[in-house]
Amino acid sequence: MIPQRFRRPLLIVAAAAAALSLAAVGAVMLMALNNSVAPAWVTSAALYGLPVAFLLMLVLVVDAVAGRRRTPGPGER
């Protein structure tokens, strides 16, 4: 289980990576419409940023599900 103090920063990093890579995808598409080639770092950010962000978010979701299964419900002990 991920400690509580790491969850929010991990969530912020995942959201920032997703936003930046979506912006990079848009930039690559706009540059392709203008018949120019995007720099390698923009293409790499578009290619690798979204999978990294979704994997980080998947880790957070799995951790939240595991945390809820460990805590007893209202009628359990």
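This is a predicted model: local features need pLDDT of at least 70, side-chain atom pairs count only at pLDDT 80 or more; totals for chains, interfaces and linings use all residues.

**Contacts of the first residue**

Leaving aside neighbours within four places in sequence, methionine 1 is in contact with Arg7, Asp63, Gly67 and Arg70, contact meaning heavy atoms within 4.5 Å. Residues are numbered from 1 along each chain as its sequence is written, and side-chain values use heavy atoms, with hydrogens and water left out.

Methionine 1 sits in the segment before helix H1, which covers 4–33; helices here are DSSP runs of H or I with at least four residues, strands are runs of E with at least two, and both are numbered from the N terminus. The relative accessible area of methionine 1 is 61%, so this residue is exposed; the term means over 50%, with buried under 20% and partly exposed in between, for a 1.4 Å probe and protein chains only.

Let me turn to two of those contact partners. What does arginine 7 form with aspartate 63? The two form a salt bridge, with the closest N and O atoms 3.0 Å apart; the term requires a side-chain nitrogen of Lys or Arg within 4 Å of a carboxyl oxygen of Asp or Glu. In general, side chains of opposite charge can pair when their charged atoms come close. A search of the whole structure finds one salt bridge. Because arginine 7 lies in helix H1 and aspartate 63 in helix H2, the pair ties together parts that are 56 residues apart in sequence. Arginine 7 is partly exposed, at 22% relative accessible area, whereas aspartate 63 is buried, at 7%.

Arg7, Arg8, Leu11, Leu60, Asp63, Ala64, Gly67 and Arg68 line the largest pocket. A pocket, on a 1 Å grid over the protein atoms alone, is an open set of points where a 1.4 Å probe fits, with protein on both sides within 12 Å along at least five of seven lines; lining residues have an atom within 4 Å of a point. H1 and H2 are the elements that give two or more residues to this lining, and H2 provides the largest share, five residues.

Finally, leucine 55 belongs to helix H2, residues 40–70. Leucine 55 counts as exposed, at 54% relative accessibility.
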